Amino acid sequence: MDKGQKINCTVTSCKYNDKSHNECELQQINVTPVGNCNTKQADESMCESYENKEQH
């Protein structure tokens, strides 16, 4: 990633998660808002790039 940035991630069910380093292996991710959620907390967004590693 540019300027040495990394995406830290502990979602081990995602196929892009490197659980040995708790990092996302993608160069970038898409973050999207959660519909009908106005908590002003982190749960208002989610990683749209997530893919379950069990899916074929």
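Val31 counts as exposed because its relative accessibility is 54%, where exposed means over 50% relative accessible area, buried under 20% and partly exposed in between (1.4 Å probe, protein chains only). The model is predicted: local features need pLDDT of at least 70, side-chain atom pairs count only at pLDDT 80 or more, and totals for chains, interfaces and linings use all residues. Residues are numbered from 1 along each chain as its sequence is written, and side-chain values use heavy atoms, with hydrogens and water left out.

Val31 lies in strand S3 (residues 31-33); strands are DSSP runs of E of at least two residues, numbered from the N terminus. Neighbours within four places in sequence aside, Val31 is in contact (heavy atoms within 4.5 Å) with Ser45 and Met46. The C-alpha atoms of Val31 and Asn52 are 16 Å apart, with a sequence separation of 21 residues.

Asn17, by contrast, counts as buried because its relative accessibility is 11%. Strand S1 (residues 17-18) contains Asn17. With neighbours within four places in sequence again left aside, Asn17 is in contact with Cys9, Thr10, Val11, Thr12 and Glu23. A polar atom of the Asn17 side chain lies 2.8 Å from the backbone oxygen of Cys9.

In soluble globular proteins, nonpolar side chains tend to be buried together.

How values were computed. Helices (H or I, at least four residues) and strands (E, at least two) are DSSP runs, numbered from the N terminus. A polar contact is a pair of N or O atoms within 3.5 Å; within protein, one must be able to donate a hydrogen and the other to accept it, and residues adjacent in sequence count only if both atoms are side-chain atoms.
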